[in-house]
Number of protein chains: 2
Amino acid sequence: MDALPGTLGTSASLALRLGQAIFSVASLLFMCLDVPFYSYTAFCFLVTVMGLVMAWSLTLVMVDAFSVLIKRPARQPGIISVVVLGDWVLSFLSLAASCSTASVVDYLLCHSSPFCDGTLCTRYQLSATMAFLSWSLILASALFNLWLLAIL
Amino acid sequence: MDALPGTLGTSASLALRLGQAIFSVASLLFMCLDVPFYSYTAFCFLVTVMGLVMAWSLTLVMVDAFSVLIKRPARQPGIISVVVLGDWVLSFLSLAASCSTASVVDYLLCHSSPFCDGTLCTRYQLSATMAFLSWSLILASALFNLWLLAIL
């Protein structure tokens with residue numbers, strides 16, 4: 001069977017995982033670097049979830065890179081199931097985190113909170129955007145791997 | 001082929017759709033009845049999405065009830081595809097709306113906003129909870145129908 005593009009162990013999957021890792025790191029940097037975020041539940045949630053996404057994506061980047069190098073994509077249903085489950089859980093969590101952050105930032109902006117001065121809110125917005133982009137790539141990975149699981 | 005429980009046109013699907021409709025109506029009632037919600041983007045988003053979910057679920061309640069009555073579940077891949085697409089889009093939207101509402105309510109509570117007095121914030125919280133329950137039922141419907149589409 002030919003490898004379905006985007007599934008575990010293909011170069012398209014490697015690109016998707018790299019994108020997820022880059023966006024989640026960017027989201028973490030915009031949120032954490034020199035910015036107070038501890039007093040907002042939504043922002044702490046975003047940082048937690050993006051940390052998880054970063055760890056997950058970097059692990060799978062290594063798996064994919066190894067599979068691409070030895071030219072043998074993984075096809076064991078057990079492994080694919082674990083990856084699909086992780087992808088779906090993280091996709092829901094990252095969607096929830098990015099929407100929570102975006103709505104709190106919107107509230108802060110609309111009610112011109114004293115907390116939201118200068119470039120601070122722009123950084124929170126950028127962080128939420130990066131988390132959203134990361135979500136879209138995780139969803140793509142999850143759909144490709146679910147499709148593979150269905151036809152295996 | 002036997003009807004897979006939970007897919008379009010079965011009595012389990014009818015129960016799921018009824019649950020979705022009931023939870024979305026409850027969410028709308030908690031949010032809208034005698035409560036100011038217009039000045040919050042997240043709350044307006046919740047009302048919009050729950051309105052859509054209510055319309056979608058009530059339509060499919062009728063389809064399911066008709067199928068159960070005539071004892072012929074729908075099996076056309078075209079119809080199932082449309083239902084799966086709608087379910088997935090609405091499941092993402094309702095998750096996003098419930099998390100946005102929950103995070104804004106949490107912000108209002110934590111920073112003891114003057115807006116959040118008495119039972120007002122409890123009602124917003126209940127509304128977000130109902131939206132979340134509605135999301136979980138939509139997700140169940142979406143998964144059952146996606147599975148049916150894969151095996152058709």
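Biologist: Before we start, what ground rules apply here?

Modeller: Residues are numbered from 1 along each chain as its sequence is written, while chains are lettered from A and ligands numbered from 1 in the order in which they are written. The model is predicted, with local features needing pLDDT of at least 70, side-chain atom pairs counting only at pLDDT 80 or more, and totals for chains, interfaces and linings using all residues, and side-chain values use heavy atoms, leaving out hydrogens and water.

Biologist: Let's begin with the fold. How many helices and strands does chain A have?

Modeller: Helices (H or I, at least four residues) and strands (E, at least two) are DSSP runs, numbered from the N terminus. Chain A has four helices and zero strands, which reads α-α-α-α along the sequence. Its C-alpha trace spans about 60 × 25 × 20 Å along the principal axes.

Biologist: And what share of the contacts in chain A joins residues 24 or more positions apart?

Modeller: A contact means heavy atoms within 4.5 Å. Counting contacts in chain A with a separation of 6 or more, 81% are between residues 24 or more positions apart.

Biologist: What percentage of chain A is buried?

Modeller: Buried means under 20% relative accessible area, exposed over 50%, and partly exposed in between (1.4 Å probe, protein chains only). Of the 152 residues in chain A, 47% are buried.

Biologist: Can you show me some single residues?

Modeller: Take A:Met50, which lies in helix α2 (residues 41-70) of chain A. A:Met50 counts as buried because its relative accessible area is 0%. Leaving aside neighbours within four places in sequence, A:Met50 is in contact with A:Ser24, A:Ser27, A:Leu28, A:Ser94, A:Ala131 and A:Ser134. On the other hand, A:Met50 and A:Pro5, 45 residues apart along the chain, have C-alpha atoms separated by 26 Å.

Biologist: Now for chain B. Which residues does B:Ser27 contact?

Modeller: B:Ser27 sits in helix α1 (residues 11-32) of chain B. Setting aside neighbours within four places in sequence, B:Ser27 touches B:Leu46, B:Met50, B:Ser127, B:Met130 and B:Ala131. B:Ser27 is classed as buried because its relative accessibility is 1%. B:Ser13 lies in helix α1 of chain B too, and it is buried with a relative accessible area of 1%. With neighbours within four places in sequence left aside, the contacts of B:Ser13 are B:Gly6, B:Thr7, B:Leu8 and B:Asp64.

Biologist: What about charges? How many salt bridges does the structure hold over all chains?

Modeller: Side chains of opposite charge can pair when their charged atoms come close. The rule for a salt bridge is a side-chain nitrogen of Lys or Arg within 4 Å of a carboxyl oxygen of Asp or Glu. Over all chains, the structure holds two. One joins the side chains of A:Asp87 and A:Arg17 (2.9 Å, N to O). This pair links distant parts of the chain, with A:Asp87 in helix α3 (residues 77-110) and A:Arg17 in helix α1 (residues 11-32) of chain A, 70 residues apart. A:Asp87 counts as buried at 0% relative accessibility, and A:Arg17 counts as buried at 0%.

Biologist: Where is the pair formed by B:Asp87 and B:Arg17?

Modeller: B:Asp87 is in helix α3 of chain B and B:Arg17 in helix α1 of chain B, 70 residues apart. Their side chains meet in a salt bridge (2.9 Å, N to O), and both residues are buried.

Biologist: How do I read the interface? How many residues does the contact take from each chain?

Modeller: The contact takes 22 residues from chain B and 22 residues from chain A. Buried area is the accessible area (1.4 Å probe) that two parts lose on being put together, summed over both. Chain B and chain A bury about 1,600 Å² between them, with 75% of it on carbon and sulfur atoms. The count of salt bridges between chain B and chain A is zero.

Biologist: Which helices of chain B supply the side that touches chain A?

Modeller: On chain B, α2 (41-70), α3 (77-110) and α4 (120-151) each supply at least two residues of that side. The most comes from α3(B), with 12 residues.
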